[in-house]
Each structure stands twice: as structure tokens, then as C-alpha cells.
Amino acid sequence: MHGYPERLQPKMMLRKAECLVLLGRLQEASQTISDLESSFAAKPTLAASQFQILQRTLCRLKMKIQKKENLTETVSAALTKAFEDMDLREENKQISSASASVSLCTDPFKGRYLIATKDILPGELLVKEDAFVSVLNPAEVLPLHLGLESKWDTRVTNGDLYCHRCLKRSLAPVPCDGCSYAKYCSQECMQQAWDLYHNIECSLGALLLTLGVFCHVALRSTLLARFEDAGEVTRKLCGDISNKDTRLPESKNLVQTLSYDLGGESEKNGKTVETPIPGCDINGKYENNYYAVCNLLPHTENHSAEYKFLCALSISALCRQLEAASPQALMTGLTSSKLKAAMAPVLCPESSIWGVAMLRHMLQLQCNAQAITAIQQTGSKENIITDSRQVRLATGIFPVVSLLNHSCSPNTSMSFVSTVATVRASQHIGKGQEILHCYGPHESRMGVAERQQKLRSQYFFDCTCPACQHGKHRTTAEPRWEAFCCCSCRALIQGDEVLSCGNASCTESVSRDHLVSRLQDLQQQVGIARKLLRNGKLERAIQQLLGCQHDAESFLSAEHSVVGEIEDDLAQAYAALGDWQKSAAHLQKSLRVVEVRHGPSSVEMGHELFKLAQIFFNGFAVPEALNTIRKAEKVLLVHYGPGNDEIQELQKMKSCLLDLPPIPGGPSL
Ligand SMILES: [Zn+2]
Ligand SMILES: [Zn+2]
Ligand SMILES: [Zn+2]
Ligand SMILES: [Zn+2]
């Protein structure tokens, strides 16, 4: 366009083609190459020798394109496409935010639950729901150090790293002018948060932090309710609740209001409209809205008196503060005058109705709160392998996700991107089977007794999932990742107070107390090694870890979780030293432990494979790296879908490796 000499144009086009290949815009690259070739055929401008060089370069470039095309088509593209097809293209007509492959059922024992309406493949997206409400968990101190001297408190909390509205990670947050506690990723998020709820919450900050996150979620839910269908909410908060027994003493009114089942109300009033399933509208549709939130069970009869008292006290403290603020304060967020008119009777004279609604939400939260988690990279800059851990970012309410029942060995996997939860099938789910999700006590993390106890005390039910039933009948004491082994023959040892060797020809026995105290000592030693590792004392960390490994071998099963952790730390230390071979060897051992404990297609396995891929990648072990990347990708796609950061990183690693010229006889692990 700007008069570049014509005889140099082939050079320019070649550059263009190379750039396009690097950018992965393969079709355009091919087009540029064929343009170049045809312009040559029409007007040969180069000397023969130059022409040959160009020909060779073009040939190499074409091969590169072909290789990339094959790869993206066979592996990533095929996989990614398969997962994109599973995106919620066909939304469920009965339940918003859910796939058409599920349907909502109800029965007196299970309550509401979801079943598969057709065979579901692993990785299929079943629910993709934005939180009705979410509140960032305050003050969880993260294990990050910013490299500053400890003269100041440089500990970082979630509240410093994530937007208080959308939960996106942001390194240069915009703080609220009023409180500077709430921080946002952008001016827009700040404005939205202000309009929706922060105009009221801002002055209550200190009180909300004291009362805790449940109380905060309860308040924010009712604040958000103002923006829902005004008539509906007025009916819910003002109509249904206070019409019932307005004249009764407040205490009685409150108890009744909290206990009654909102869903059954329409029948009691003798109305003709009857909603078949609680939380659904008159057309039988279940949506992510305030009405559905109100219908989550508060389990009033199950909570202890102490807990109920504490909730009531917290809410009444909050109400006092709200009343102290002018009633107009509650209105300022409302922009539409129509809404203002509709809200007026609810908000102004009857702040006690707000209290009732908030108390109901607070009681619902013990069973219905959903922790919003994020995967956080914990590796410091020097570590080339990133380690990741799951952190609790926020607490939210997801009315559709709340429809899922619990299993200790669930058939789904949940992940979050900002405030959106996605639930994917983690295994094949047959038509008619229930869609199950784990509330926390997973069989690979806890024993049966502990799980049962936890579910009973927090969720008020006895788990009868297959893992629990199987666990009750099984006589073997521990799973292999908690098992001890015989010090003389290495067979597993079992028993309660005294453990004896499983090998018939061996008479070794040892008391459990002794083993437990040895394990504690070992864990302490591992702790020392970790500290050395963190402080960059790599050689000493390795010495310490090898000692731990030796000790572990003498009394722990080869698949004990502590053995896995030691191997993982060793891999970390060798990687930091740049010894990729040793690092990979140790990580492969850790991988075996993870596989035994969590299963070959678990998300834990995916993260571990991701680490191994990084090691092979950094060690230029091309075939091993490609193989591991493929495995990691396959596992992670099932749990997270194609948009995930780790998957994108893997794909970048892969295309980088494929650009490498093959090194004949080069270093390989
Ligand atoms: Zn934001
Ligand atoms: Zn503020
Ligand atoms: Zn169970
Ligand atoms: Zn033995």
C-alpha cells in the first residue's frame, strides 16, 4: 500500500505467512502461501538460487501448517468441539440454567432432585448457573508472600485479590469511596454493586464482618429481591408472610412464618392455582430467582435452639442498624419509579418483614450455601512448576444447583468461573439415573463414619449412597492411602488397637498408638523440609525429604498419602534445580498415589498430570510431554470444559512443542 519495492514483496508475504502460522490462523497462512506461489508463477523476479531457498522455506512452512492442522483437528479441535456441543445449547424448558438432558422430580423422601432424561456422557454440561447472590468470604489469608520484608503485614486475603462483585481476579482493584473495604475489578462493577446492594451495605461493613458471611448473604438476598418482579416479591414478603397472622404476637408470627412451607401455601388459601413442585411458578417452571430462593428449606425444626437464637440475634442486630439508617436509604438504589411505588409498602412501614425474610435465609444457608471456589496457583515465581490449590472465595446461593442431592461418590463435578457455577457429568450417567453432587464429605477424603457424622450434623440426613452402604459392610479398616505396612515384610498390616501383619508367614504386630505417633513425627519432618523448600534451600530440602522418604517406606503403605506428598515435594525441589529427569521420576510416583486415592479420571489426577506435563515440557522430553499433555487435557476437559486456564496452557505448550524441530537422539527422559 505504501510502495514497498515489488521485488521484495515475496519476502514480506513469507513473513506474513510465518506470522499467521504462529498465530494459529492456518487457513489464512495457506492462502498467503498460495498467493505467493501464484504471483511467482506469473512473474518470476528472483534469481535461481534465491528462488530455491524460498521454495525450501515454503515447503517447510507448508509442512508445519499440515502438522498443526492435523493435530488441532484430531485432538484439540475434536475434543473442544465435542465439549462445545455439550454447552447449554438446548436449555431446559422446565428449569432455567439447566441442560435439556435433566428433569426435575420430587418425592416425599428425597425432596426435589434431578434425573437424567437420556444417557449422558462424561464432560457433558448439565447446569450452568450464575449465583442468585454471592458474598466474598472475608479475610482468608492466602499463602502468598509478595517478597516484601515482614516489617508490615503483607499477608494477602481474598478480599484484596478478587472483585467483591464479580469475583474476577484483579491486581489493581478500585476501592469503594465510602468504606474502601469493598474493592472491585472495574468502575462498572463498583457502580453495579453500589446500585444493587452496596449503597446500603457500605455503612454496615464492620457489623457485617462481625456477624459473619451467612448474615451478609441473608441481607444481600433481600436487597437483591427488590429488583425482581415487584408484584411477586411483595406478595411473598408482605402478602404471604404478614397476612397470615399479623395480629399475633411477633414471636408466634415469626415461628409460623419460618416453619411453613411456602410451596404448599396456595392450597391452604383454597386457591385454584397449585404449584406441583415447590419453587416452580404457576407454569411449572423453576428459575434462578428470589421465589426459588425463598423456597429452599430452612430446616427450622432441625437446627439447635442455640443456633436459632444466634441467627435471630444477628438478624435483629442488623435490623436495628438498618432502621437507624433512614428508610429512604433502602429506596435509593431503586431507579424505576414503578419499582419504588411497588416496594414502598414493603420497605418502609414493615422492616420486621425484612427481618423475617433475612432470618429465613440465614437458616437456609447451613444446608443451601454453596462455597464458590477457585483454583489458585501457589507456586512462587522461581518455581517453574505451578502448584495449585482450591480456595474458598465466596459463599453464594444457587437455586438450581441446590436441587442436586448428595452422594459421597458423585457422578458430577462442579467448577466456577467468576460467580457462575458449572456442573458437568464426571462419568457416564444412564437415562433415569439421579444426578448427584458431593456436598463436601467425599469418599476419597473421609472415612464412612466421619462422613455420616458430618452429613447428619450439617445437613440432617443419613447418607445411603453406594459408597456409604459399601463402606459399612466392608471389614477392612483403612483405605490404602491411610494404611500402614509391616516393617519386616512390607505387607499391609491391619487391626484396631494392635495391628498385625497380613502376611500369614509373618508374626509381626505393632500398636496403633505407636504407628500414629511415628506418622506425626514424620509429618513434622516433612513440614521442616517444606520450609526449607519455600526458603529456596533446595539441597537441604532434598536431603531432608530423602530422609523422610526412607522413614516412610519402613511403615507406610506405598500408596499412603504422605508418601505421595513427599514425592510431590521432591519433584518440586528437583524441578527448581533444573533436574527434570529426577523431578519427573518423583512426580510419577506421586501420580500413582493420587490415582489410587482419587481415581484415574479425577480432577486431582488432572492437576497432577498438568504438573508432570510442565516438567516434561521444561525438560524438552517432547514425546513424553505430548503424551502427558493429551492425558491431562482429557481429564481436565471432563471437569472444567474447554475454557479452563490449565487447558489453554496445555494447548499452548503443545503448539510450542510441535514447532520444535525434532532433535535426533536428543535428550529424552
Ligand atoms: Zn468485577
Ligand atoms: Zn463501601
Ligand atoms: Zn454417602
Ligand atoms: Zn510382615
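## A pair within helix α21

In this predicted model, E608 and K611 both belong to helix α21, which covers residues 603–618, and they are placed three residues apart, about one turn of the helix.

## A link between helices α22 and α23

A salt bridge also joins the side chains of K654 and E633, with an N to O distance of 3.0 Å. Because K654 lies in helix α23 (residues 645–659) and E633 in helix α22 (residues 622–640), this pair ties together parts that are 21 residues apart in sequence. K654 is buried, its relative accessible area being 1%, and E633, at 1% relative accessibility, likewise counts as buried.

Across the whole structure, the search finds 14 salt bridges, one of which is formed by the side chains of E434 and K110, at 3.0 Å from N to O. E434 is located in the loop between β13 (420–425) and β14 (436–437), whereas K110 is located in the loop between β1 (102–107) and β2 (111–116), so the pair ties together parts that are 324 residues apart in sequence.

The two partners fall into separate accessibility classes: E434 counts as buried because its relative accessibility is 14%, which is under 20%, while K110, at 39% relative accessibility, counts as partly exposed.

Technical notes:
Residues numbered from 1 in each chain as written. Chains lettered and ligands numbered in written order. Predicted model: local features only at pLDDT ≥ 70, side-chain atom pairs only at ≥ 80, totals over all residues. Heavy atoms only, no water. Salt bridge = Lys/Arg side-chain N within 4 Å of Asp/Glu carboxyl O. Helix = DSSP H or I, 4+ residues; strand = E, 2+ residues; numbered from the N terminus. Buried < 20%, exposed > 50% of the residue type's maximum accessible area, 1.4 Å probe, protein only.
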